Amino acid sequence: MFESNILSLSIWVPVLAGILVLATGNDERPGLTRWIALLGSIAGFLVTLPLYTRFDRADGGFQFQEGYNWIPSFNIHYHLGVDGLAVPLILLTSFTTMIVVLAGWEVIQKRVAQYMAAFLIMSGLMIGVFSALDGILFYVFWEAMLIPMFLVIGIWGGPNRVYATIKFFLYTLLGSLLMLVAFIYLFHQSNSFEIVDYYMLPLPLSVQLFIFFAFFMAFAVKIPMWPVHTWLPDAHVEAPTGGSVVLAAIMLKLGAYGFLRFAMPIAPDAAHYLATPMIVLSLIAVVYIAFVALAQQDMKKLIAYSSISHMGFVTLGLFIFNPLGMEGGVVQMISHGFISGAMFLCVGVLYDRMHSRQIADYGGVVNTMPTFTAFAVLFAMANAGLPGTSGFVGEFMVILAAVQENFWYAFLAATTLILGAAYTLWMVKRVFFGAVGNSHVAELQDLNKREFVILGVLALMVLGFGLYPQPITELTHATVEQLLTHLAQSKIPG
Amino acid sequence: MMNNAITYDLIAALPEIFVLCMAMVVLLVSLFLSARTLYVSYILTQVTLLGAAFITVSTHIPAVGYAFNGMFVDDPLSDILKLMIYLGTSMVLVYSRSYIALRGMYRGEFFALVLFAMLGMMIMVSGQHFLTLYMGLELLSLCLYSLVALDRDNPRSTEAAMKYFVLGALASGMLLYGMSMIYGATGALELSQINAALFNGMADRSVLILGLVFVVAGVAFKLGAVPFQMWLPDVYHGAPTAVTLLVGSVPKFAAFAFVIRLLIQGLQVLTVDWQGMLIVMAVLSISIGNITAIAQTNLKRMLAYSTISHIGFLLFGFLSGSMNGYISSMFYISAYVLMTLGGFGMILLLSRKGFEAENLDDFKGLNQRSPWYAFLMLLLMFSMAGVPPTLGFYAKFTVLQAALQAGFVSLVIFAVLMAAVGAFYYLRIVKLMYFDEPQDHAPITPSPDMALVLGINGMAILILGLMPQRLMELCAYAIAHSLQ
């Protein structure tokens, strides 16, 4: 039975672990709660491993499928399945959850059970988003995961958390509701909520444009693309470290995944029709937002803008419509998941000691925290796209693909190698190097064992995928080929 | 033959007859009870609801039966709505018991009035004739007016009752006027005869449309749709919370049935005419309800404006003018009543002697005082906002898909934008409960029955949100077997 229900287990094990944590939670003795949460997240990771080991890499279609009737009145099914795009993202999700639980170990002292449970439940819901093959099932997971994130930012966040979390929620909700209208419209056209049926549904261009726009509203907000990105810096800055990590590492990927799963294959003609505007928006994100990042005083805000800029690469890769670009986009998604997560954890390490995120409050940290600085510089280099780190692979693939399409796309995209290096390394210089900035910096303690383990694992990932990205490209290759074949066919009837 | 007909009439109306008798028994018995033994009235009332449910279930057949010469109907729609009404009323009584006891309203009259109000709803649900419908409506309204004024030393309640009475009487007048116009045009008072007359095209159209306008206005008043919503916030705010709970919840089932009977069974031929009016009211209700709710600081008023916006969504199902639409409206109203019961139940839970937990700030830091109740309120708020995986999501989903099927694309887009506006004020409650520090540190000590029912009520929002199929089937069954 468990053979065929790997996806259900991947979703529900973390959710049930979260409920267990809530039920046994005791704020007076948070030790037990933390261990249960850690075990739950490890169990959640273990159940997703078969997705990697048993995945048939030659098959570009959906695997590990499960289907049950859920709401027959509207022909809604509990239908799960994954292809090569979803598997790496699911593994990233369950992996990140373990990191987040560990990262919140001593830092979170207030309502520990609720904190841990929120992340476990969120993990299950996000895996649900990646594996749902039914429109309404997808929508339910998509919206439901907002609730724990809303609470995480609002309860454990910084001083301006209420504004940030409500902005985050409403922005995302508004985008998603239009997507719901699109789903209902497609339902009335095909009498089904199956995504696969939508792929086959012929639609005139005007309808495709409407549907593409509705999905665009939902996914562009999530990625986020310029100009609907303004919620992200607020949410990142106010969120606790764990919240920032999940936001950057996974939630942003949901938007790009949505384009690949819904907007592009359901409305391929509209996607081609709007490819140029989409590329332009992506390039604005890459270049303009990089300049914005350069001007930031707050480390978290800087990394948040850097995330937007890097996600611009992903959308750029998707809308070039060639295999290299699309695979590059996927690699960039995974790599950014590790790097941005690691960067936010580094800021978290500093913030836990100094309670400040302002670059100006630091200086010369290397003198007191040498080990930590080594890690931080590695991640900063990866963020700037240094060859040998995973940050390089995705960007390089996308730039190569862009050259084939149009020289100027590639030229503008490549400026990020300079701008990215500029804002990241300038921040590193101001925070870590130079003379010891003030007496607080002089008293800093270097990494403890827990922090060392977390950052060490992430560093291995970043270097590993930088030197040997095959595990990801192998998984995605067949799916990307199949998707591009599908996208090349017009769906306009007649 | 004659005897058989009378027997059938009596069986069809048996739940009503039973409730009527029991209401009088409760009234009489209460005279002989002292303050200490008054719980007998409470138990008798709950037994009445149980008995009525038993009778309704055991006389249920999946077919339409007319009684009293076509004035009264016993169909699956009426049976299922009545069962929902019993259940809702029973929950109202559980939630309000300690509240009214602490405020000197724990008297026999309270229970008798609730039972008579419920009888009015039952008659509205089963009315098949202008006179039965009107009689049910008036019985319900008169009981509600008196219940609002039950806390008679409270000037705010008295004022609310006065407003409710004056405006309610005006609306009844309009309704009656409209009915008389339609009678003038068609020569019939019975719904099926009116429908037949309209179908044959024998009625004078100008008189008919004038009558229709008045009927729709009267119905809209009872529902609380804009521009006939003025009474709603004041009554919700002014009435004792236990009575607000009653006014805001179960009578909506009766109002729903009222719309089905009048507009769909009686005036279906005029669908195009009333559709236009409903569109205007739906759009206005959703926008004014949601936008005004943002400015409220009193939770009861906020829920009143939220009700107005929910009524707007409910109208979306009706204005689709299809079976699919009516089913979705019924689903919506069921979800709405369940959410409202829970919402006001939470206010009652936090209220205690001499303290009304009706301001938004009273919910501050609830998560620290009681994570369980904060979680239930969180579910209720997200459900009202229509966020999955809660029941409220499917409620919105069903009405929107019905409207989209009928081709109202721009209306649906407008509605979802307004739903996003509405999410703001529900989120604010969650914010108060989870992100703020408590101002009030009193322990929350509900009676065991209330704790149990409120817990079930809250979890039902989640469980029905995960598995809405049964409730959808029930609504589909009721509508499909009752409307031809």
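Which side chain does A:Glu451 meet in a salt bridge? That partner is A:Arg353, with N and O 2.9 Å apart. A salt bridge here is a side-chain nitrogen of Lys or Arg within 4 Å of a carboxyl oxygen of Asp or Glu.

Before going further, a word on the ground rules. This is a predicted model, where local features need pLDDT of at least 70 and side-chain atom pairs count only at pLDDT 80 or more, while totals for chains, interfaces and linings use all residues. Residues are numbered from 1 along each chain as its sequence is written, chains are lettered from A in the order in which they are written, and side-chain values use heavy atoms, with hydrogens and water left out.

**Salt bridges**

Side chains of opposite charge can pair when their charged atoms come close. Over all chains, the structure holds 18 salt bridges. Three of them are set out here.

| Pair | N to O distance |
|---|---|
| A:Glu451 and A:Arg353 | 2.9 Å |
| A:Arg357 and A:Asp298 | 3.3 Å |
| B:Arg156 and B:Glu358 | 3.4 Å |

Back to the opening pair: A:Glu451 sits in helix 21 (residues 449–467) of chain A and A:Arg353 in helix 15 of chain A, 98 residues apart, so distant parts of the chain are linked. Helices are DSSP runs (H or I, at least four residues), numbered from the N terminus. A:Glu451 is buried at 6% relative accessible area, whereas A:Arg353 is partly exposed at 24%. For these words, buried means under 20% relative accessible area, exposed over 50%, and partly exposed in between (1.4 Å probe, protein chains only).

A:Arg357 and A:Asp298 both come from loops: A:Arg357 from the one between helix 15 (323–354) and helix 16 (365–368) of chain A, A:Asp298 from the one between helix 13 (275–294) and helix 14 (299–319), so the pair ties together parts 59 residues apart in sequence. A:Arg357 is buried at 15%, and A:Asp298 is buried at 9%.

Over in chain B, B:Arg156 in helix 7 (residues 155–186) and B:Glu358 in the loop between helix 15 (323–350) and helix 16 are 202 residues apart. B:Arg156 is partly exposed at 37%, while B:Glu358 is buried at 7%. Chain B also has a network in which salt bridges that share partners join B:Glu159, B:Lys163, B:Asp234 and B:Arg301.

**Where the chains meet**

Between chain B and chain A the salt bridge count is zero. Even so, 33 residues of chain B are in contact (heavy atoms within 4.5 Å) with 36 residues of chain A. The area buried between them is about 3,200 Å², and carbon and sulfur atoms give 81% of it; buried area is the accessible area (1.4 Å probe) that two parts lose on being put together, summed over both. B:Phe397, B:Leu427 and B:Phe435 supply 20% of what chain B buries against chain A, more than any other three residues. Among the elements giving two or more residues to this side of chain B are helix 18 (391–405) and helix 19 (409–435), and helix 19 gives the most, with 13 residues.

**A buried leucine**

A:Leu475 lies in helix 22 (residues 470–488) of chain A and is buried at 3% relative accessibility. Its C-alpha atom is 9.0 Å from that of A:Gly60, 415 residues apart along the chain.
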